[in-house]
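Student: Hi! Could you walk me through this structure? I'd like to start with the ligand.
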Amino acid sequence: MSVETQKETLGFQTEVKHLLDLMIHSLYSNKEIFLRELISNASDAIDKLRFEALADDSLYEGDSDLKIKVSVDKDARTITVSDNGIGMTREEVQKHIGTIAKSGTKEFFEKLTGDQAKDSELIGQFGVGFYSAFIVADKVTLITRKAGEKEAVRWESEGKGEYTLESAEKATHGTDVILHLKEGEDEFLDEFRLRSIIKKFSDHISVPIVMDREIPAEKDDEGNETAPARVEEEVVNSASALWTLPKEEISEEEYNEFYKHVGHDFQDPLAYVHSRVEGNVEYTLLLYIPAKAPFDLWDRDAKHGVKLYVKKVFITDDAEKLMPRYLRFVRGVIDTDSLPLNVSREILQQSKQINVIKAGAVKKVLGLLESLVKDEPEKYAQFWEQFGNVMKEGVIEDIKNRERIAKLLRFSSTQSDQPKQDVSLEDYVSRMKEGQDKIYYITADSFAAAKNSPHLEIFRKKGIEVLLLSDKIDEWLVSSLTEFDGKPLQSIAKGELDLDKFESEEEKKQQEEVSKEFESVLKQIKDVLGDKIKDVKVSHRLTDSPACLVTEAHDMSLNMERIMKEAGQNLNMLGIGGTKPILEINPQHEIVTALKEEQDDARFADIVQILFDQAILSEGGQLDDPAAFVHKLNVLLRDLLKK
Ligand code: ADP
Ligand code: MG
């Protein structure tokens, strides 16, 4: 006996155990969804076989009447969901059913709080899938044979931490999933109930779902049997691909249920667009925006995206071909008649039609988002909260649609000083002050650091709004989006601020005088700090803080340098970075005026060092030598307390 045929007992990944537990407890009020999930998997498996068979129809093994069958055995108290789709090899079973191979799983579980209400929301983001069988079953048996292979495999588990795998016999290709119902779940043995669940959740799966119906014996008037009792297969669902129907015939609920199938999601979508595009390339699209970001949104290899169908035959769900990366959260279906059915994955790569479809689909999604902005602003706010950071990638990635995407961006700003990002660039522009020709922003590595930055002082004083950018992506965003509506975006921590026009003649004169007064102090400070800085200047930005750091207009921002260093980039090798800041001091501040009078050179140097270091700290930066800073501060404190 080879190892392959022996029965082996394997442990679930810890994560799977945890998931099972959570699911059973959080979904008990919504038990019937197990059937939707199993049917959804069966339908995917059939789609896959149909596609593989385009290139090699021997995979059908003479059985190309593809369907899903749901049957019950009242005596054994089992429900079986069978498909004659692609099936799985032993390795595939082990990989897909028994481990959660999705990356990001660990992070997902770390987010769980133990609070059932909160966690059951999270589980929606994760997707319940196959494991939902254990909501109603205390034992699940799965027997599957991959189309074209000889060996079948039998998987079985009680959902408690272990499962078994062993070789099996199976005549037809595909998968049978047998649920041994828990005590008290007998309602699911009622065929009428099952039919209504299928109608409700899976009506528009394009594959037929059949159930047996008993036809009683027919008798003539004298009571003689003319036809014996028999069992007939009956198609339970409409089996019409939902996207092929006219919009008027589709209910909100049907749209939502279909989303759960294509989106592998557990919750209703936030919005959708359903549209037929005519022209040289013709296609129908039904695209959805999820209500919640999936847990693997940041996973570059996440597989679920938009599915491509050609004449209703599933071809691929390789997201990158149909949606740019920044719209990777979009789910749904695009079906075209303009490609040949036997289109290979290679042809798809260079197909002009695909590019036309992709460009058109992107426009539809942007249009959908624009309509949310206009008609359903609360939904748009929800969208932004979930996917805003991904949309920002669009400004960088999609040059053709940059302006449209720019209008969809939302930011925090000094208008409300709240972390919620709800200010559009158009809002900002409409609030610009008389004579203001730039859109001001500050970047920092946290909202608090941005909001409390000393650079904002002069803007707050003059009542000029500043965008507060604190997402990592923002540095890249502002390097791609240099202007909006003809107005340049300007970092308030870079270069000259050019706020003269908001200043009176008198103020200007005063500034000039102060600069003169401070000339020699500036030189002394520069001598102390040496090559740590590029220059020292009298600041026009500060009102409350004694000092801050700025960079020159074309230098990399200090925040960007930090991000790149964190990402492990060796900036010297890249020939960038190593930006030397300019130290600006506030001539009104008492520390600075006292510094001007300081006679003791050693003390002068210490205070300058402290000013420089605290300017770094207030930017959210890190000191090269924090211990030296603390030491200097303590010396000063000691002197102060001694007096
Ligand atoms: P999802 O469908 O979101 O991938 P599931 O937990 O529902 O997650 O299923 C996990 C995987 O198991 C599927 O992606 C598929 O590879 C495999 N699978 C499940 N059911 C079947 C089936 N009936 N036929 C073939 N493969 C299946
Ligand atoms: Mg599934």
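Predicted model: local features only at pLDDT ≥ 70, side-chain atom pairs only at ≥ 80, totals over all residues.
Tutor: Happy to! Residues are numbered from 1 along each chain as its sequence is written, chains are lettered from A and ligands numbered from 1 in the order in which they are written, and side-chain values use heavy atoms, with hydrogens and water left out.

Student: Okay! Which residues come nearest to ligand 1?
Tutor: Twelve residues are around ligand 1, and Asn-41, Asp-83, Gly-129, Phe-130 and His-264 come nearest. Being near means that a heavy atom of the residue lies within 4 Å of the molecule.

Student: What does the side chain of Asn-41 do there?
Tutor: An N or O atom in the side chain of Asn-41 is 2.8 Å from an oxygen atom of ligand 1. For Asp-83, a polar side-chain atom lies 2.9 Å from a nitrogen atom of ligand 1.

Student: New topic: how is the protein chain divided into domains?
Tutor: Domain 1 covers 3-215 + 227-235, domain 2 covers 243-378, domain 3 covers 411-492 and domain 4 covers 503-642. Those bounds come from an automatic or database domain assignment.

Student: How many residues of domain 3 are in contact with domain 4?
Tutor: 13 residues of domain 3 touch 22 residues of domain 4, where contact means heavy atoms within 4.5 Å. The buried area between the two is about 1500 Å², with 53% from carbon and sulfur atoms. Buried area is the accessible area (1.4 Å probe) that two parts lose on being put together, summed over both.

Student: And which residue forms a salt bridge with Lys-462?
Tutor: That's Glu-503, with the closest N and O atoms 3.8 Å apart. A salt bridge is a side-chain nitrogen of Lys or Arg within 4 Å of a carboxyl oxygen of Asp or Glu. The count between domain 3 and domain 4 is one.

Student: How many salt bridges are in the whole structure?
Tutor: A search finds 49. One of them joins the side chains of Arg-193 and Glu-32, at 3.3 Å from N to O.

Note on methods:
Polar contact = N/O pair within 3.5 Å; in protein donor to acceptor, adjacent residues only side chain to side chain.
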